[in-house]
Amino acid sequence: MTDIQSTLDELAKQNDHRTSVFEIEIQELKNSSLTLSGRVLDQSQVDDLHRLFPTRHLDTAAIRILNAETHPQARVHVATNHTGLYERPTFGMPLSSELCYGTDLEVLDEQGKWVFTKQTDGYLGWAYRPYLSEGVAPTATHLVVAPSIEMFAEPSEASKVITRLVSGTGVGLEETRGEWVRVKANQTGWVLDFSLQSVSDIPDGIDEKRAWMIQDSQRMIGIPYLWGGTSGNGIDCSGFARLLHRWVGVSIPRDADMQCNAAKPVEPPYEVGDLFFFAEDDSKRNISHVGMSLGGWKMIHSSRGRNGVYVDDIQEVKYLKDIFASSGSFLR
């Protein structure tokens, strides 16, 4: 049994919990028969178990295959303004990421008031079910481009604040009155129009996208660093890189190592929007930090060392120069 358990432990260790599930236990081992239970994401993982233990009569009937199961409310979206995504179904865990209003999710599993979800890019995690609503979110016409904004009951800052929206949130515009617009998100109310950007106005050209990214990045200067954060309430390095790309209509993976693997490798001279990737010694991941070039080696990033979004020149900061690993782009 020790060899079998060691193999299962190694498979679990190799599994990336952000995009896959492998939680398998030995239920019974009798002679040549091996009964396993637990849960995985895909059928292919069960098939792999049969190949790994060819001399065993393998019973995998008790293994749940999450992608093959159906749930009554399989499609949901975030219905509150902002909430967390967690590795386990509890608020007592550190954030894996954050979800703003309108984020679409697929439900794969349930536990009490929590649901295990998959985002459209495959990113997995537990979300609090009372903060979600059934179905796909309404199509957004505009994005919030300020770190965060107040929504008012009337088109006046003297009126009641009914909620706040964070950077990157998609909203639906319903009415315009001068500098005020009425929008629908987790609440319906009025915001100032300069805090929004029309989705239809996002440029197609690379040069225009780069110009926007410079302007957009400056709005976030001084926002504090937050592991797992994705907004003006606090943001981590990869959340910041992802937000800057979202604002110009480009979808990129959630975490720095994923972004590094998916980006097109680039070499100097660096252009605005190129991403710099770094490998820190104290991280379990090969790539643990990312920043965006503002042209050349000058970059803007959410720095844990500086506790927030600031500008640095890699060639002038020894620590960054020492841990620089590679560069890539989603624009080129």
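## The buried side of H2

Let's start with helix H2, where Gln 45, Val 46 and Leu 49 are buried, meaning under 20% relative accessible area with a 1.4 Å probe and protein chains only. They span an arc of only 100 degrees around the axis, so they end up on the same side of H2; the arc is taken from the directions that lead from the helix axis to the C-beta atoms. The buried residues of H2 pack against H1, S1, S2 and S3, with contact meaning heavy atoms within 4.5 Å.

A word on the source: this is a predicted model, in which local features need pLDDT of at least 70 and side-chain atom pairs count only at pLDDT 80 or more, while totals for chains, interfaces and linings use all residues. Residues are numbered from 1 along each chain as its sequence is written, and side-chain values use heavy atoms, leaving out hydrogens and water.

## The sheet and its helices

Three strands make an open, mixed sheet in the order S1-S2-S3. Helices (H or I, at least four residues) and strands (E, at least two) are DSSP runs numbered from the N terminus, and two strands pair if DSSP finds at least two bridges between them. Strands S1 (22-30) and S3 (57-65) are at the edges with a single partner strand each, so one side of each has no neighbour in the sheet. From one strand to the next, the twist averages 15 degrees.

S2 (residues 33-40) runs parallel to S3, and seven bridges join the two. Across that pairing, Ser 37 sits opposite Ala 62 in S3. H2 (residues 43-52) packs on the sheet, touching S1, S2 and S3, and its direction makes about 165 degrees with that of S3. Helix H1 (residues 2-14) lies across S1 and S2, at about 170 degrees to S1. Axes here are lines fitted to C-alpha atoms, for helices over the stretch in contact, and angles run from 0 to 180 degrees between N-to-C directions.

## Aromatic rings

There are 14 aromatic pairs in the structure. Rings of Phe, Tyr and Trp (its six-membered ring) pair if their centres lie within 6.5 Å, with planes under 30 degrees apart called stacked, over 60 edge-to-face and the rest tilted. Tyr 86 and Trp 114 have ring centres 5.8 Å apart and planes at 85 degrees, so this pair is edge-to-face. Tyr 86 is in strand S5 (residues 82-86) and Trp 114 in strand S8 (residues 114-119), 28 residues apart.

Key
Buried means under 20% relative accessible area, exposed over 50%, partly exposed in between (1.4 Å probe, protein chains only).
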